[in-house]
Amino acid sequence: MSGKYEARLAELGVTLPDAPAPAANYVPYVTSGALVFVSGQVSARDGAMIQGKLGADMDVAAGAEAAKACAISLLAQLKAACGGELDRLVRVVKLTGFVNSTPDFGEQPKVINGASDFLVEALGDAGRHSRSAVSAASLPFGVAVEIEGIFEIA
């Protein structure tokens with residue numbers, strides 16, 4: 001472990017996993033100039049998918065935990081993109097969160113807050129970002145949440 005961000009993650013009891021491999025024909029991230037575009041990370045913990053549909057068989061609190069798991073995977077991908085040096089992060093620029101939810105469920109922002117709140121807690125002001133939180137009729141593998149991110153690095 002090295003750097004202020006990983007030290008803060010350790011204080012929070014979070015160890016970044018190895019960056020998840022892509023599930024289809026795409027790359028996990030693309031770096032363009034000072035920006036890193038991380039492909040959508042699905043909700044998973046300890047190698048198991050966090051599945052469910054908000055408004056049916058999953059509540060907002062569980063959805064927020066699924067979103068936090070996505071944020072942890074985003075940071076794992078970012079660390080890989082930075083050659084193992086997470087402290088190259090300047091700031092989180094934007095998140096786009098997709099919530100597997102019923103047509104009448106309207107609390108997508110509260111679900112994606114699980115990722116947003118975690119990133120601010122872990123990264124301080126560098127974790128503050130713009131974002132979108134939208135509903136999806138279904139997501140890959142039946143997961144509850146998928147989030148993609150844009151990060152600025154030095």
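Trainee: Which strand holds Leu-35?

Mentor: This is a predicted model, and the assignment is read from it. Strand S2 covers residues 35-42. Leu-35 is therefore found in strand S2.

Trainee: Is Leu-35 buried, partly exposed or exposed?

Mentor: Buried means under 20% relative accessible area and exposed means over 50%. Leu-35 has 31% relative accessibility, so Leu-35 counts as partly exposed.

Trainee: How much space lies in the largest pocket?

Mentor: Rolling a probe the size of a water molecule over the atoms shows where empty space is left. For the largest pocket, that space comes to about 660 Å³.

Trainee: Which residues lie closest to the centre of the largest pocket?

Mentor: The lining has 30 residues. The closest to the centre are Pro-20, Val-42, Ala-44, Arg-45 and Ser-73.

Trainee: Which element gives the largest share of the lining of the largest pocket?

Mentor: Strands S2, S3 and S4 and helix H2 each supply at least two residues of the lining. The largest share is 6 residues, and these come from H2.

Trainee: How many residues of that lining are nonpolar?

Mentor: The lining of the largest pocket has 7 polar and 6 charged residues. The nonpolar residues number 17.

Trainee: How many salt bridges does a search of the whole structure find?

Mentor: Side chains of opposite charge can pair when their charged atoms come close. A search of the whole structure finds 5 salt bridges.

Trainee: Where do Arg-8 and Glu-11 both lie?

Mentor: Arg-8 and Glu-11 form a salt bridge, with the closest N and O atoms 2.9 Å apart. Arg-8 is partly exposed at 28% relative accessible area, while Glu-11 is exposed at 60%. They are 3 residues apart, about one turn of the helix, and both lie in helix H1.

Trainee: What is the distance between the closest N and O atoms of Glu-107 and Lys-110?

Mentor: Glu-107 is partly exposed at 32%, and Lys-110 is partly exposed at 49%. Glu-107 forms a salt bridge with Lys-110, and the closest N and O atoms are apart by 2.9 Å.

Trainee: Asp-125 or Arg-128: which is exposed, and which is partly exposed?

Mentor: The side chains of Asp-125 and Arg-128 meet in a salt bridge at 3.2 Å, N to O. Exposed requires over 50% relative accessible area. With 61%, the exposed residue is Asp-125; with 47%, the partly exposed residue is Arg-128.

Note on methods: Residues numbered from 1 in each chain as written. Predicted model: local features only at pLDDT ≥ 70, side-chain atom pairs only at ≥ 80, totals over all residues. Heavy atoms only, no water. 1 Å grid on protein atoms, 1.4 Å probe; cavity = no way out; pocket = protein on both sides within 12 Å on 5 of 7 lines; lining within 4 Å. Points joined across faces, edges and corners; volume = space filled by probe spheres on them. Helix = DSSP H or I, 4+ residues; strand = E, 2+ residues; numbered from the N terminus. Nonpolar A, V, L, I, M, F, W, Y, C, P; charged D, E, K, R; others polar. Buried < 20%, exposed > 50% of the residue type's maximum accessible area, 1.4 Å probe, protein only. Salt bridge = Lys/Arg side-chain N within 4 Å of Asp/Glu carboxyl O.
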